[in-house]
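This report goes through one protein model for a reader who has not seen it before.

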Amino acid sequence: MTRVRDGGAGAPPTKHRALLAVIVTLIVTISAAIYAGASADDGAQDHTPRAQAGLSRGEAAPASTGAWVGAWATAPAAAEPGTETTGMAGRSVRNVVHTSVGGTGARITLSNLYGQAPLTVTHASIALASGPGTAAAIADTMRRLTFRGSARVIIPAGGQVMSDTARISIPYGANVLVTTFSPVPSGPVTYHPRAQQTSYLADGDRTADVTGVAYTTPTPFWRYLTALDVLSHEADGTVVAFGDSITDGLGSETDADHRWTDVLAERLHEAAGTGRDTPRYSVVNEGISGNRILTGRAGRPADNPSGLSRFRRDVLERTNPKVVVVLLGVNDILHSPELADRDGILTGLHTLVGQAHARGLKVVGGTITPFGGSSRDTKARETMRQQVNGEIRAGRVFDEVVDFDKALRDAYDPRRLRSDYDSGDHLHPSDKGYARMGDTLDLDALKGAAPVRA
């Protein structure tokens with residue numbers, strides 16, 4: 001049963017919703033076909049282990065028993081501008097990621113989704129960072145990563161690969177260094193542009209470098225890396241946060257891990273340690289800044305693909321998902337007036353819920369947060385936000401509701417964020433606002449599975 005029932009607008013007309021459902025289905029079908037085409041192998045002959053469009057699962061024996069869960073993840077968002085010719089050839093890419101759960105073994109996923117040529121990785125490594133804000137590693141944690149037993153792997157354009165299991169002890173809340181080196185040009189780099197986390201670049205193959213001295217170029221992006229899974233005794237499944245910049249954490253302090261998803265992960269970790277009857281879940285963040293439910297940007301595959309087109313990849317195909325928390329719609333309202341009517345947004349959200357239920361996932365949905373005073377704020381857009389939120393609160397969209405709007409709004413001007421929850425642009429929360437969001441989600445809402453629908 002949905003926990004928030006504050007009333008709301010009536011359901012859209014049956015004929016209108018039926019037409020919208022057909023349109024949404026076409027969007028999903030066409031997007032899936034585009035991604036399938038982009039993921040095909042290029043057919044080149046090579047004896048190096050070659051990734052396919054799907055995941056190539058590691059064949060190494062597990063480090064111990066436990067459950068595989070997502071410790072960290074990000075959505076491949078676009079092709080990095082300026083990398084069309086050489087990619088990251090001749091450079092080591094050291095991604096820094098923050099774990100939401102601990103484990104005794106680890107594996108990674110690398111993506112060449114936006115590449116137009118095969119990506120050759122000759123050396124990859126994983127290690128624990130020696131501290132915050134550094135490319136240096138704890139020396140005895142450095143591990144070479146392999147792919148079907150080989151240090152070298154070729155990822156075709158549009159493909160991805162999962163590494164073998166590395167035997168490494170990773171604690172909750174650790175910064176983990178995942179480094180790749182590619183010696184040859186590979187075309188556009190698949191990246192996530194708004195990491196809110198500093199990673200590093202070095203010239204040459206410095207994947208085994210524990211000092212970090214060679215990593216003289218800090219970068220605000222994650223490149224190639226899209227997932228870090230761990231074999232864990234601390235969690236039984238994964239919560240996937242699916243959203244836009246407000247889930248991505250835009251406006252939060254860089255390198256501080258103050259996204260609302262980080263706060264939620266901390267609460268779940270602390271609750272597990274007290275023996276409370278709360279779900280034992282990790283949390284991964286699949287937010288993309290600027291993301292919309294209905295439309296993506298140009299390209300094949302599309303930069304910043306629509307929520308409808310990426311839901312399978314970024315939620316259903318994550319490791320051991322149990323619950324998805326959806327917070328989408330504000331960019332449809334603010335940026336897509338040609339498609340963003342109330343019924344279109346609601347039909348899109350219903351489609352996401354249906355796909356999740358088909359895979360047995362429970363869906364928690366967030367109300368759309370205030371944007372009064374922001375650059376695109378209008379009375380008509382505010383009315384649409386209220387209409388969509390009314391449907392969400394009435395329990396006609398999601399299995400459970402988290403009322404982010406109510407948690408963040410100014411009591412004296414509900415169209416706006418409360419001043420101390422506002423990062424300054426009147427759209428994205430501050431660190432305090434993100435903390436409020438992470439604290440607002442009822443942990444009991446994560447319990448259980450998808451309801452059986454009549």
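In this predicted model, helix H6 passes helix H7 in a right-handed crossing. H6 covers residues 342–358 and H7 covers residues 379–393; their axes come within 10 Å and cross at roughly 35°. On the H6 side the contact is made by Arg342, Ile345, Leu346 and Leu349, and on the H7 side by Met384, Gln387, Val388, Glu391 and Ile392. These residues divide into 6 nonpolar, 1 polar and 2 charged.

Another residue of H7 is Gln386. With a relative accessible area of 35%, Gln386 is partly exposed, since that class lies between the limits of 20% and 50%. Its C-alpha is 9.6 Å from that of Arg342, although 44 residues separate Gln386 and Arg342 in sequence.

H6 also packs against helix H4, residues 307–316; the axes of H4 and H6 come within 10 Å and cross at roughly 25°. Are H4 and H6 roughly parallel or roughly antiparallel to each other? Angles under 35 degrees count as roughly parallel, and H4 and H6 are therefore roughly parallel. Their crossing is right-handed. H4 brings Gly307, Leu308, Phe311 and Leu316 to the contact, and H6 brings Gly348, Thr351, Leu352, Gln355 and Ala356. The contact of H4 with H6 has 5 nonpolar, 4 polar and no charged residues.

A further pair is helix H3, residues 260–274, and helix H9, residues 431–440, which pack at an angle of about 45° with their axes 7 Å apart. H3 and H9 are therefore oblique to each other. The crossing of H3 and H9 is right-handed. Trp260, Val263, Leu264 and Arg267 of H3 meet Tyr434, Ala435, Met437, Gly438, Asp439 and Thr440 of H9. Here the division is 6 nonpolar, 2 polar and 2 charged.

| Helix pair | Crossing angle | Distance between axes |
|---|---|---|
| H6 and H7 | roughly 35° | within 10 Å |
| H4 and H6 | roughly 25° | within 10 Å |
| H3 and H9 | about 45° | 7 Å |

The protein as a whole has 9 helices and 22 strands. Of its 454 residues, 58% count as buried. Among contacts between residues at least 6 apart in sequence, 82% join residues at least 24 apart.

In soluble globular proteins, nonpolar side chains tend to be buried together. Which residues touch the most other members of the largest nonpolar core? They are Leu110, Ile126, Ile170, Val176 and Leu228, in a core of 37 residues. Several strands each supply at least two residues of this core: E1 (67–73), E3 (91–98), E4 (105–111), E5 (119–121), E6 (123–128), E8 (153–155), E10 (175–182) and E15 (225–232). Apart from this core lies another, of 34 residues, among them Val326, Leu361, Ile368 and Ile392. Ile392 is also one of the H7 residues in the contact with H6.

Not counting residues up to four places away in sequence, Ile126 touches Ala106, Thr141, Met142, Arg143, Leu145, Ala166, Ile168, Ile170, Val176, Leu177, Val178 and Leu228. Is Met142 buried or exposed? Its relative accessible area is 17%, and buried means under 20%, so Met142 is buried. Leaving aside neighbours within four places in sequence, Met142 is in contact with Arg94, Ser125, Ile126, Ala127, Ala137, Thr207, Ala208, Asp209 and Val210. Met142 and Val178 are 36 residues apart in sequence, with their C-alpha atoms 9.8 Å apart.

Most residues other than glycine have a negative phi. Tyr224, however, has a positive phi, near 70°, and His426 has a positive phi near 65°. Tyr224 lies in the loop between strand E14 (222–223) and E15, while His426 is in the loop between strand E22 (413–417) and H9. Tyr224 counts as buried at 5% relative accessibility, whereas His426 is partly exposed, with a relative accessible area of 29%.

Technical notes. Residues are numbered from 1 along each chain as its sequence is written. This is a predicted model: local features need pLDDT of at least 70, side-chain atom pairs count only at pLDDT 80 or more; totals for chains, interfaces and linings use all residues. Side-chain values use heavy atoms; hydrogens and water are left out. Axes are lines fitted to C-alpha atoms, for helices over the stretch in contact, and angles run from 0 to 180 degrees between N-to-C directions. Helices (H or I, at least four residues) and strands (E, at least two) are DSSP runs, numbered from the N terminus. A crossing is left-handed if the near helix is turned anticlockwise from the far one by less than a right angle, and right-handed if clockwise. Contact means heavy atoms within 4.5 Å. Ala, Val, Leu, Ile, Met, Phe, Trp, Tyr, Cys and Pro count as nonpolar, Asp, Glu, Lys and Arg as charged, and the others, Gly among them, as polar. A nonpolar core is a set of buried Ala, Val, Leu, Ile, Met, Phe, Trp, Tyr and Cys residues joined through side-chain atoms within 4.5 Å. Buried means under 20% relative accessible area, exposed over 50%, partly exposed in between (1.4 Å probe, protein chains only). Angles under 35 degrees count as roughly parallel, over 145 as roughly antiparallel, 65 to 115 as roughly perpendicular and the rest as oblique.
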